[in-house]
Amino acid sequence: MKGKVVLVTGAHGGLGVHVTQGFLDAGATVIGTSRKIQQSDFTSSRFTAMPVEISTPQAARGLVDQVVARFGRIDILAHTVGAFAGGKSVAETDDATLQKMFDLNFNSAFYLLRAALPAMRKTGNGRIVAIGSRAAVDPGPGVGAYSASKAALVSLIRTVALENKDVGITANVILPGTMDTPANRKMIPNADVSKWVQPGSVANLVVWLAGSAGADVTGAVIPVYGKDA
């Protein structure tokens with residue numbers, strides 16, 4: 001990964017920190033974005049923090065323009081931004097919850113890809129990896145807005161893979177089960193965490209897909225369910 005320019009969204013999150021560190025360990029230059037990220041969050045000299053909220057078209061465009069202006073290109077886009085809301089049936093789900101799920105789980109990805117793809121197509125051989133959810137293909141009761149937004153993300157990434165294969169860009173989406181993050185442990189305090197997916201495992205897969213070994217994988221929807229398969 002030496003010399004590669006990687007943009008990681010949600011770099012301050014429970015998974016994003018592992019993805020960011022994974023790319024840094026592989027030798028990449030990493031731009032990490034999140035609402036609360038700071039330069040001091042990672043010690044590597046190849047890390048740059050860019051605090052930004054990307055759920056609007058203007059913010060996504062501004063982020064991409066800033067990265068390209070400073071680093072010249074984007075070789076790899078690892079999109080880990082997401083949010084969860086559940087506990088209500090479709091009939092009970094309010095507009096605000098529906099909008100939030102699509103803003104964070106789908107719209108942010110759409111706006112960012114729309115902004116980044118022209119620059120990535122110029123360089124060719126780019127890599128796009130997004131984090132979805134098992135709920136995208138295996139929904140349960142009480143998570144209608146969440147699962148629908150993640151299902152839309154899957155469709156988006158598969159479409160991007162088809163539209164950009166001509167220039168060698170790959171696009172894949174990973175569908176983790178429940179991950180062992182501090183936020184999930186707090187949300188589900190009595191769960192059997194031994195069955196949960198380790199963030200480090202997902203991060204390793206992201207880095208692999210973005211590397212030369214993953215060059216022939218595109219349009220893939222990859223389940224990572226841990227021991228709860």
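## How the helices and buried residues get their labels

Guide: Welcome! Helix 2 and helix 3 cross in a right-handed way. Please keep in mind that this is a predicted model.

Visitor: At what angle do helix 2 and helix 3 pack?

Guide: The angle is about 30°, and the axes are 8 Å apart.

Visitor: What makes helix 2 "roughly parallel" to helix 3?

Guide: The label goes to angles under 35 degrees. The angle here is about 30°, so helix 2 counts as roughly parallel to helix 3.

Visitor: Which residues meet there?

Guide: Helix 2 brings Pro57, Ala60, Arg61, Leu63, Val64 and Val68, while helix 3 brings Tyr111, Leu112, Arg114, Ala115, Ala116 and Ala119. Sorted by class, this contact has 10 nonpolar residues, two charged ones and no polar ones.

Visitor: And how do helix 1 and helix 6 cross?

Guide: Helix 1 covers residues 16-25 and helix 6 covers residues 199-210; their axes come within 8 Å and cross at roughly 45°.

Visitor: How do you know whether Gly16 is buried or exposed?

Guide: Buried means under 20% relative accessible area. Gly16 has 1%, so Gly16 is buried. This residue lies in helix 1 and touches Val8, Gly10, Ala11 and Thr80, leaving aside residues up to four places away in sequence. Gly16 and Pro199 are 183 residues apart along the chain, yet their C-alpha atoms are separated by 8.6 Å.

Visitor: Which other residues of helix 1 are buried, and what covers them?

Guide: Besides Gly16, the buried residues are Val19, Thr20, Gly22, Phe23 and Leu24. The cover includes strand 1, strand 2, strand 3, strand 4 and helix 6. Just after helix 1, Gly27 takes a positive phi of about 100°.

Visitor: What makes Asp75 count as buried or exposed?

Guide: Its relative accessible area is 9%, under the 20% limit, so Asp75 is buried. Asp75 sits in the loop between helix 2 and strand 4.

Visitor: How do you know which polar partners the side chain of Asp75 has?

Guide: A polar contact needs a pair of N or O atoms within 3.5 Å. The side chain of Asp75 reaches the backbone nitrogen of Val5 at 2.8 Å. With the side chain of Arg73, the distance is 3.0 Å. Both values fall within 3.5 Å, so both pairs pass the distance limit.

Conventions
Residues numbered from 1 in each chain as written. Predicted model: local features only at pLDDT ≥ 70, side-chain atom pairs only at ≥ 80, totals over all residues. Heavy atoms only, no water. Axes fitted to C-alpha atoms, helices over the stretch in contact; angles between N-to-C directions. Helix = DSSP H or I, 4+ residues; strand = E, 2+ residues; numbered from the N terminus. Buried < 20%, exposed > 50% of the residue type's maximum accessible area, 1.4 Å probe, protein only. Contact = heavy atoms within 4.5 Å. Polar contact = N/O pair within 3.5 Å; in protein donor to acceptor, adjacent residues only side chain to side chain. Parallel < 35°, antiparallel > 145°, perpendicular 65-115°, else oblique. Left-handed = near helix turned anticlockwise from the far one by under 90°. Nonpolar A, V, L, I, M, F, W, Y, C, P; charged D, E, K, R; others polar.
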